[in-house]
Structure formats: C-alpha cells, structure tokens
Amino acid sequence: MPQPLLALRGVSKRFAAVQALVDVELEIRAGEVVALVGDNAAGKSTLVKVISGVGPADKGVIEWQGGSVQIKRPQDAQVLGIATVYQDLAMCDNLDVVGNLFLGREIHRFGILDEVEMERRTRELLHTLSIRIPDVRVPLATLSGGQRQVVAITRSILGSPRLLLLDEPTASLGVEQTSQLLDLIESLRDRGLGVLLISHNMGDIKAVADRVAVLRLGRNNGLFDVPTTSQEQIISSITGAADNAVAHRASYPEEAWP
Amino acid sequence: MAVRGRGPGRDSQAPADDAAPAAGRGRGGRRWPVPLRAYAGAARRRLHEGDLGPAPVLLALAVTWMIFQGLNDNFLSPRNLSVLSVDIVGTGMVAVGIVFVLLIGEIDLSVGSLAGLSGALFAALNVNLGMPEWLAVIIALISGAAAGGLQGFFFARIGVPAFVVTLAGLLFWNGLMLYLLGPDSSINFSEEGLVAKLTSRYFTAPVVTYGLAALGTAAYLLVSFRDRRRRGAAGMPYRPVGEIWARTGLLAVVTFATVYVLGRFEGLPLALLIFLAVIIASDLFLRRTPYGRQILALGGGVEAARRAGVYVARVRISVFMVSGTLAALGGLFIASRLTSASQVSGSGMLLINAIAAAIIGGTSLFGGRGSTWSALLGVLIIQSIASGMALLGVETPVQFMITGGVLLTAVVFDSLARRAADSRGQRSD
C-alpha cells in the first residue's frame with residue numbers, strides 16, 4: 001500500500017464545553033478521492049478547518065507524506081500543497097474569472113499586472129481541465145452557480161496543490177452542473193491529486209469516491225471501500241444505527257438526503 | 001483624453017465571445033475571423049448585465065450641454081468652457097478620492113472639511129508663519145494623508161463604521177479649519193505665488209498645447225498596438241486594427257477639439273492638465289497594479305480578499321489616506337481659485353458635489369465597480385448644470401433640486417445595474 005499523502009492520527013479539538021473531534025484518524029492517498037460524511041454536527045467542517053489550518057487541532061498528529069507536520073495557519077497548509085474550496089466559495093463578484101483565479105498571486109512585471117500572461121494561463125488551465133466558461137473576462141457575478149463552483153476549484157488548483165479539500169461542492173448545483181463537477185473531480189484524481197470530498201449526497205459519493213470515512217459525534221464511525229459497500233451500510237453508520245428502523249428506512253431516494 | 005469606463009484591459013476582451021470556440025480558433029490562427037459577430041455577442045451580453053460602460057454618462061453630458069446651449073448661446077463659448085475646465089478641478093480631485101473609497105464599498109464624509117482644512121493650513125503656514133509655499137503645500141498634503149490615515153485606522157483596526165468615523169471627522173476638521181483661520185475667518189495669500197498659479201497658469205504656445213494632444217494620442221496608439229501584438233503572440237483574441245484606429249481617432253478628435261476651444265480663450269489650463277494626470281495615473285494604478293487589484297477585490301468581497309491573502313486593514317487604511325490626500329489637493333485648487341482660504345472652501349456643498357460626481361460618473365455605491373474617469377465625467381455634469389443655471393440666472397434653490405434629481409437618477413441606474421447583475425448571477429442553467 002502506498003504511503004498516504006495526508007494522515008491524521010488521534011486528532012482532537014474542543015470548543016469550550018463541546019468536544020468537536022475525538023481521536024479522529026484519517027488517511028488520504030494521492031490519486032484517491034475520499035468522501036467524508038456524517039450527520040450535522042458530526043465534525044466534518046471542524047475536520048476540514050483542522051487540515052486547512054483555519055482552526056488547528058488541540059491534540060493529535062498530522063503526517064504529510066510520512067513526516068509529522070504542524071498546520072497552524074492557512075499559509076502552512078498552502079505551503080504543504082493543501083488547497084481548500086469552502087462551501088461559500090468566497091470570490092469577488094466584481095472581478096473577472098482571470099482576476100479571481102490570480103487574486104493574491106497576481107503575475108506582474110515591474111509592478112504592472114501582466115494581464116496577457118494571466119489570461120493565457122487561465123485559458124490554458126481551463127482547457128486542460130476541459131472546463132467551458134463562455135468568457136474569462138466577464139465579472140464573476142454574471143456566471144451561474146455551477147460555473148462559479150468550477151472557477152473556485154480551478155482557482156484552488158492554480159497553486160498546483162497535492163491535496164484538495166472540497167466542502168459540499170455540489171450542494172447548490174443542478175443535475176447537469178453536478179455531473180460536470182464530478183467529471184472534474186475524477187480528472188483531478190487521475191492527475192494524481194488527493195481529494196477529500198465532503199458531501200451529503202450518496203449519489204455523488206457512489207459516483208466518484210474510492211473510500212468513505214464516516215464521522216459521528218466527532219468520532220470515526222467506519223471506513224468503507226465504496227465499490228464493495230452498500231449505501232445502507234454507510235447510512236446506518238452515519239446515523240449510528242446498525243440495525244434499527246432508521247437503517248431500514250434508508251432505501252429512500254438519494255435526493256431525500258438533507 | 002479618452003473616456004473609458006473599463007479601459008483596454010476589459011475592452012480588448014470584447015472579441016472574446018464564446019471563449020471555447022474562440023480559444024480553439026485563437027490558438028490556431030492569428031486572424032480573428034468573425035469580429036463582427038463576436039462584437040454583437042459581447043455587446044448584447046453587456047446589455048444584459050446592465051453594463052453600459054460610460055455610455056449613459058456621456059449621453060447625459062451631451063444632453064445637458066445641448067439643453068443649455070439651446071437656452072443660452074454663451075454656454076459652449078470658449079470663455080465659459082475655459083472657466084468650466086478650471087472650476088471642475090477642485091471638486092474633481094476630491095471626487096477621485098471618493099472613487100477610491102466607494103470602490104472598497106465605504107464612504108468618506110470628511111473630504112469637504114479636509115479640503116477646507118488643507119487650504120487653511122497652507123494659508124496659515126505660508127502667510128501667518130512665513131513658511132515657503134512649497135513646504136506649506138507639502139505639509140498640507142501630508143496632513144490630508146495623515147487625517148485620512150487616522151480615520152482609516154479607527155475604521156479598519158477599531159471597527160467603527162466609516163460613516164461615523166468620517167462624520168466625526170467632518171466636524172473635527174471643520175472646527176480645526178475655523179480655528180486656524182482665526183477671527184477673520186479668512187486668510188488671503190499671494191496672487192503671484194505657486195498655489196495661485198495652479199489655477200491661473202495657462203499654456204498658450206500651440207507647440208506645447210497641440211504637442212501634448214499629439215503626444216497623448218500617440219501614446220494611446222502605441223500602447224494599444226503593443227497590447228495587440230502581445231495578445232496575438234500569446235494566441236489570444238485581440239482587438240482588430242480598425243477598432244484601434246477608430247478609438248485613437250475618437251481620442252484625437254476629443255483632445256484636439258479641447259485644445260482648440262480652450263486655446264481660443266486663455267489656453268490650456270495647468271489645473272486641467274494636473275487633473276487629467278491624476279486621473280490617468282490613478283486609473284492605471286487601480287487597473288494595472290497588484291495593489292489596485294486588491295482595492296477592487298475588497299469592494300467585491302472582503303472575505304474572499306482576506307482568504308486570498310490581502311491585508312484587509314492595511315488596504316483600507318491606505319484607501320482612506322488616498323482619499324484624504326486628494327481632498328487636501330482639491331482644497332488647494334479651490335483655495336487657489338480664490339487666492340484665499342476661507343470657510344467657503346470647505347463647505348458642505350463640496351462634500352455633496354464630490355460624492356455626487358463620483359456616483360453620477362458611474363462609480364457604484366455598492367463597491368467594486370467604477371473608475372476614476374467617473375470623477376471627471378460626474379464633475380463635468382455637475383459643474384455644467386451649475387454653470388448653465390448661473391448663465392440663465394436660475395436661483396440656487398432650483399440648482400440644488402436639479403442636481404439632487406440627477407444624483408437620484410444616477411443612483412437608481414446603479415441599483416438597477418446591480419440588480420441585473422445579481423439576477424444573472426443567480427440564474428442556474
């Protein structure tokens with residue numbers, strides 16, 4: 001088994017009286033999509049913040065390619081090669097696609113922005129990822145939700161990360177847009193990136209994830225290989241019901257999931 | 001000078017309609033095969049977005065001028081236009097500072113008082129203390145920057161709303177100005193000095209005036225062709241030659257006509273040249289430097305900017321410093337016009353006109369959208385109305401009401417444009 005890209009060992013985090021994460025273990029390998037699932041308040045977002053450096057862990061070890069590392073600030077994660085796309089996207093509506101992609105890392109010559117080079121690289125990147133944006137020079141406000149999501153992910157890839165954290169990327173997308181996004185995630189995996197995908201949608205997880213890690217009340221509650229696991233098994237692990245009424249009710253259509 | 005809402009950075013993208021097929025074509029060949037269709041598409045898209053660039057403002061200016069010319073033949077006379085071209089500078093400088101503040105989605109109510117303070121400070125230092133003019137000017141400008149920086153500090157670091165901080169500033173700096181002016185509440189300074197020359201110096205030699213016009217046009221042409229060549233070399237869509245020549249021609253017509261008309265009275269005013277230089281420099285700064293990009297980003301999404309590594313507080317403070325400095329500079333021009341510093345120069349009307357100019361010119365109240373050229377356009381409209389009314393003998397109350405109506409119209413346009421952009425953004429296709 002190849003060495004994991006990122007490994008969390010016994011990570012814990014506490015917010016005042018609430019124990020948000022307790023001894024969480026997680027491994028992500030390069031070229032692998034790991035889905036992170038769990039009910040509301042299971043600690044998914046807290047875990048993402050631990051990895052991305054926004055909210056460091058109180059306890060536990062983070063290993064990057066086998067070596068122990070400290071992630072205390074977002075910059076630490078960036079330096080390692082961890083990129084995060086948050087659920088709220090947080091992009092500048094008034095800037096165009098090029099401006100958003102390069103925000104904070106503009107290419108300039110003698111202090112003057114090199115728009116030509118930035119636009120060339122943007123087009124190149126969109127082309128290699130087979131992303132279609134009608135015009136890279138329109139303000140972001142004029143793009144659809146799916147296009148914005150794709151731009152946000154492209155933006156995170158610009159720094160050539162090794163690991164990508166996606167927080168609920170399909171939550172606000174339509175069917176067509178979701179399938180495009182899943183294609184993008186697969187093509188990123190094929191390029192050797194590790195992807196941690198947080199999702200509520202079993203359909204998405206079944207479609208792209210290789211493994212599923214379940215969190216329940218801040219603790220690990222199962223790790224499954226997606227191809228060999230049934231949806232019911234995953235869901236009962238999320239709800240904490242091995243075999244009860246809830247587990248049996250779980251044959252509802254996927255859309256019924258919150 | 002050319003009046004461009006978004007400038008070449010954006011306009012040159014116009015042919016980039018339907019990027020996916022465009023990218024394919026652009027990579028292969030150097031020619032742009034269907035520029036006309038691409039243009040139509042880009043224009044249509046912009047209409048949908050409610051982004052008309054400077055077109056509505058230019059139209060409003062043209063209508064204003066035609067109405068007043070129709071009512072009074074003297075309105076477009078060289079004499080009146082010459083006076084207008086100097087009168088706009090003081091308020092215009094202050095409006096450029098307001099554009100910076102509006103771009104980050106904030107407001108600065110202290111600029112009128114700061115302008116008055118700057119004039120009073122200069123006069124007090126120069127006349128009362130006998131300080132050389134150049135030193136007094138520098139101190140006045142630095143004081144403007146410091147006052148703006150102080151307000152920016154309270155806003156960005158302490159978290160007091162900019163509205164309240166600068167409202168306090170409005171009172172405080174106004175009080176300081178009155179204190180400096182002393183019991184006479186006005187200080188006259190030399191009519192031959194450096195500051196007086198700011199608005200009394202005119203260039204008349206045709207070599208100089210037409211030379212400047214030719215130089216500006218040639219520079220624009222060169223930059224356009226250089227940009228075109230670079231984009232072409234990188235395999236990206238670029239502006240057709242015909243469009244470059246058309247734009248350059250338009251620019252040449254505007255600049256040479258301006259020089260000609262102003263030359264028929266006193267010549268090309270130094271004040272106007274300085275104003276244009278400030279606008280061009282600040283426009284390039286905002287559109288073409290990483291720091292300017294950060295200012296725009298702040299107006300488009302503070303959280304996004306923060307996550308992208310922008311030092312939000314630092315940028316905010318610096319923007320208020322720019323606003324304070326330009327207010328101080330505008331104050332010097334206003335004092336120069338009167339060769340005295342008095343209460344008048346820092347009146348509330350200056351603040352209202354400067355903010356109105358920025359918004360009427362097309363800078364959004366909601367942040368992130370606008371250009372320093374809007375300061376020129378807006379102040380031209382406001383001063384034209386004031387000047388035309390004065391020619392017609394209309395009383396001040398009516399002037400106020402009309403300017404108020406124009407301002408409301410501009411803000412309504414701004415709000416509608418924003419709503420159009422939002423509804424396009426939320427559409428899910």
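Modeller: Chain A has nine helices and twelve strands. Both are DSSP runs, numbered from the N terminus: helices are H or I with at least four residues, strands are E with at least two. The radius of gyration is 19 Å, close to the 18 Å that the globule rule gives for 258 residues, so chain A is as compact as a globular protein of that length. That radius is taken over C-alpha atoms, and the rule is 2.2 Å times the number of residues to the power 0.38.

This is a predicted model: local features need pLDDT of at least 70, side-chain atom pairs count only at pLDDT 80 or more, and totals for chains, interfaces and linings use all residues. Residues are numbered from 1 along each chain as its sequence is written, while chains are lettered from A and ligands numbered from 1 in the order in which they are written.

Now the sheet. Six strands of chain A form an open sheet with mixed pairing, in the order β6-β9-β10-β3-β11-β12. Strands pair if DSSP finds at least two bridges between them. β6 (82–85) and β12 (219–225) of chain A stand at the edges with a single partner strand each, so one side of each has no neighbour in the sheet. The twist averages 20° from one strand to the next.

β6(A) pairs with β9(A) (residues 163–167) in the parallel sense, over four bridges. There, A:V85 has A:L166 as its bridge partner. Helix α5 (residues 145–157) of chain A packs on the sheet and touches β6 and β9 of chain A. Touching rests on contacts: C-beta atoms, placed from the backbone, within 7 Å. The direction of α5(A) makes about 165° with that of β6(A). Axes are lines fitted to C-alpha atoms, for helices over the stretch in contact, and angles run from 0 to 180 degrees between N-to-C directions.

Technical notes:
Contact = placed C-beta atoms within 7 Å.
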